[in-house]
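Grab a pencil and keep the viewer open. Here are a few exercises, each with a worked solution.

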Amino acid sequence: MSAPPLLQVEDLRLSFGGVTAVDGLSFTVDEGDILSVIGPNGAGKTSAFNCITGFYKPTGGKVSLDGEDITRLRPSAVAAKGVSRTFQNLRLFGELTVLDNVRAGMHLRIKQNAIDALLHTPRFRKSERIATEEAHKWLDFVGLRGDRAAEARNLPYGEQRRVEIARALARGPRLLLLDEPAAGLNHGEKNELLDLLGRIRELGIALVLIEHDMGLVMQVSRRIVVLNFGKEIADGTPEQVRNDPAVVEAYLGTEDETPAGPAHAEEEIS
Ligand SMILES: Nc1ncnc2c1ncn2[C@@H]1O[C@H](COP(=O)(O)OP(=O)(O)O)[C@@H](O)[C@H]1O
Ligand SMILES: [Mg+2]
């Protein structure tokens, strides 16, 4: 028997009252794989991420990690199993420093004993030192240029996006879900993102990407799932998806759907 896929999403469904946001979505992600989920605004992409990561309880269907059912787990439990994510609208702790934002990503992994912390024992200082070194390492990895002692909210938008990715990586994920990582980035930053995605993949971390930038999606993805009105209308290689008439009609053929920028809340009702 072959091993189960890293992530398996089966017939995922989510309704908000009368609105069906996700309508029977199924796909799998293998270890080290890179998959993109595309589709027009309101297609249900972020909702699907929220179901996979425990932020929403799906109305139906199943999410499994290594064959283990994780559908009803809380976000923290899903994260502890090795699934990290970023958000379409950033969710940094604005008043914490850049470095502390990334260190906060590690508290799941580096167990701290309350007594050690209270007494500032050598063991506590050592774990603090390791956390700080690791945070610097991830900030280097994402290519952060800004001041690491600055409050996160004072960094330019593109830099804040890097901090979010660094924080997600600091959790030590096997699977990383990125919700529109290129949104609001300039051309140079997009190229750097492309390079970063390649390096994340080299670490053996599987990626699922929600992205509107078709150039980036076509370059980076091994497979693409296309959603429209919550339904999956295509699943294939970039080449297959690009030439699929249903996709062209639903998405690629329409005007540029790129959202205007960071102000778009994922909770927004369109
Ligand atoms: N918290 C929510 N409450 C009510 N409706 C929601 C909520 N989140 C998303 N929706 C609705 O679900 C649908 C899919 O939204 P979303 O998943 O954000 O799409 P996408 O990320 O593809 O743009 C939209 O019709 C949206 O209005
Ligand atoms: Mg979205």
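**Exercise 1.** Work out what share of the protein's residues count as buried.

*Solution.* Start with the chain itself: this is a predicted model with 270 residues in the protein, and 38% of them count as buried. Next, list the secondary structure, which comes to ten helices and ten strands. Then turn to the contacts with a separation of 6 or more: residues 24 or more positions apart account for 69% of them.

**Exercise 2.** Find out which residues of helix 1 are buried.

*Solution.* Helix 1 covers residues 45–52. Apply the cut-off of 20 or more other C-beta atoms within 10 Å, and the residues that pass are K45, T46, S47, A48, F49, N50, C51 and I52. That's eight of eight, so helix 1 is largely enclosed by the rest of the structure. Now step just past the helix: G54 takes a positive phi of about 85° there.

**Exercise 3.** Describe how helix 5 and helix 6 cross, and say which residues meet.

*Solution.* As for handedness, the crossing is right-handed.

Now pick out the contacts. From helix 5 come E134, A135, W138, L139 and F141, which meet A166, L169 and A170 of helix 6. Sorted by class, this contact has seven nonpolar residues, one charged and no polar ones. As for spacing, residues three or four places apart point the same way, because an α-helix has 3.6 residues a turn.

Note on methods
Residues are numbered from 1 along each chain as its sequence is written. Chains are lettered from A and ligands numbered from 1 in the order in which they are written. This is a predicted model: local features need pLDDT of at least 70, side-chain atom pairs count only at pLDDT 80 or more; totals for chains, interfaces and linings use all residues. Helices (H or I, at least four residues) and strands (E, at least two) are DSSP runs, numbered from the N terminus. A residue is buried if 20 or more other C-beta atoms lie within 10 Å of its own, exposed if 12 or fewer, and partly exposed in between; C-beta atoms are placed from the backbone. Two residues are in contact if their C-beta atoms, placed from the backbone, lie within 7 Å. Axes are lines fitted to C-alpha atoms, for helices over the stretch in contact, and angles run from 0 to 180 degrees between N-to-C directions. A crossing is left-handed if the near helix is turned anticlockwise from the far one by less than a right angle, and right-handed if clockwise. Ala, Val, Leu, Ile, Met, Phe, Trp, Tyr, Cys and Pro count as nonpolar, Asp, Glu, Lys and Arg as charged, and the others, Gly among them, as polar.
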